[in-house]
Amino acid sequence: MALVTISGYPCSGKTRRAERIKIALEHRLQDTSYAGPQLRVVIVSDDTLGISRDAYQDTRSEKPARGALFTAMQRAMDRDTILIIDAMNYIKGFRYQMYCAARELKLRVCTVYVVATQDLVKEWNETRMDGKTYAPQTLDNLLMRYEEPSSMVRWDSPLITVPWTDEDIPADDIWKAVTEGNVKPPNAGTQAVPKAPTDALRALEATTTAIVTAIMAEQAASGGLGGSVTLALPDNVKTNVALPARNVTLSELQRTKRQFVTVNKKAIILGTTEKGALDWSDGSIAHRFAAYIEDNIWQ
Ligand code: ADP
Ligand code: MG
């Protein structure tokens, strides 16, 4: 029926809020004025799955933990359930995947962003009595890696923000989102589906690497004559690039690639992917990188 994705810093009060949300939703479902289908409210979290805080000590041990959460989420999602995912859900690409899975099942979605300052979560981490403390270094690391949800992107909206200063949760907004919100179709018609940041990053790396390889091969074949050449890339992508009349070295190309990747990575991470400002298809990346090479390698 619906997926409520909680997101927030470690120790920011997510579980506290999730439990209150569950109670508020159950209360409304039992109200005599409610005429909709009978629904269960279920919380899935690291705690319900028995995932230890230590799993977040490094990105390698974190991956299976995230996989377990995703599997449990898919198993629990159905038409008779309001599912609350009580976890940091701090990776944009992960929230996007969750959103896609929900959309496949035609579930309503909303994201609840539990906000507390970094100082407060550090304090609460130290003083919590339930043994669920993060190692200080793990906490710092997670705070640094946290990718804030944004109401500008489809997969985080509607976005409901709950600051630490609020005593209560905005139950009305959440209730509205899970019972009345738009159900997005699995395929947005002919509209180009924006790439998830992780896919865009992969395309960026793969396409620029392919171009560097293709230019080196082209120069080896032509002996560095330069001029406009057509590079054939994987998946039938082609692009033209004007090369100088000399052999461009591999290290020059790699330096140029690194600069291009750094700048574009920033655009992807800042979320330009979703606003339609830039297109992260292989073809578009190829054309832009070719233009960048022409601007930065000449003579
Ligand atoms: P999370 O699920 O994000 O790790 P919890 O809900 O388990 O966070 O809360 C972590 C600790 O922080 C608990 O000890 C809790 O009492 C404290 N805490 C959370 N939110 C607040 C708040 N708004 N004010 C005071 N203490 C809070
Ligand atoms: Mg928790």
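Guide: Helices (H or I, at least four residues) and strands (E, at least two) are DSSP runs, numbered from the N terminus. Keep in mind that this is a predicted model.

Visitor: With those labels in hand, where is the place of Ser 157?
Guide: Pro 158 has its place in the loop between H6 and E5. Ser 157 goes there too, in the loop between H6 and E5.

Visitor: Is Ser 157 buried or exposed?
Guide: Buried means under 20% relative accessible area. Ser 157 has a relative accessible area of 18%, so count it as buried.

Visitor: Is the peptide bond that joins Ser 157 and Pro 158 cis or trans?
Guide: Most peptide bonds are trans. Here omega is about -5°, and the bond between Ser 157 and Pro 158 is cis.

Visitor: What is the phi of Cys 11 near?
Guide: Most residues other than glycine have a negative phi. Cys 11 lies in the loop between strand E1 (2–8) and H1, and at 9% relative accessibility it counts as buried. Its phi is positive, near 65°.

Visitor: And what is the phi of Asn 89 near?
Guide: Asn 89 is in the loop between strand E3 (81–86) and helix H4 (92–104). At 3% relative accessibility, Asn 89 counts as buried. Its phi is another positive value in a residue other than glycine, near 40°.

Visitor: Which helix gives the largest share of the shell around ligand 1?
Guide: Residues surrounding ligand 1 include Tyr 9, Cys 11, Trp 124 and Trp 164. The largest share of that shell, 3 residues, comes from helix H1.

Visitor: How much of the accessible area of ligand 1 does the protein cover?
Guide: Ligand 1 sits in the second largest pocket. On its own it has 560 Å² of accessible area, and the protein covers 75%.

Visitor: How does the aromatic pair of Tyr 113 and Tyr 146 count: stacked or edge-to-face?
Guide: The structure holds 7 aromatic pairs. For Tyr 113 and Tyr 146 the centres are 6.1 Å apart with 20° between the planes. Planes under 30 degrees apart count as stacked, so this pair is stacked.

Visitor: Why does the pair of Phe 260 and Phe 289 count as tilted?
Guide: Planes under 30 degrees apart count as stacked and over 60 as edge-to-face, and the rest are tilted. The ring centres of Phe 260 and Phe 289 are 4.9 Å apart, and the pair is tilted because the planes are at 40°.

Visitor: How far apart in sequence are the parts that Phe 260 and Phe 289 tie together?
Guide: Both Phe 260 and Phe 289 are buried. Phe 260 lies in helix H9 and Phe 289 in helix H10, so the parts they tie together are apart in sequence by 29 residues.

Notes: Residues numbered from 1 in each chain as written. Chains lettered and ligands numbered in written order. Predicted model: local features only at pLDDT ≥ 70, side-chain atom pairs only at ≥ 80, totals over all residues. Heavy atoms only, no water. Phe/Tyr/Trp six-rings, centres within 6.5 Å; stacked < 30°, edge-to-face > 60°. Buried < 20%, exposed > 50% of the residue type's maximum accessible area, 1.4 Å probe, protein only. Near = heavy atom within 4 Å. Areas by Shrake-Rupley, 256 points an atom, 1.4 Å probe, with all protein chains shown as cover. 1 Å grid on protein atoms, 1.4 Å probe; cavity = no way out; pocket = protein on both sides within 12 Å on 5 of 7 lines; lining within 4 Å. Sits in = over half its atoms within 2 Å of the grid points.
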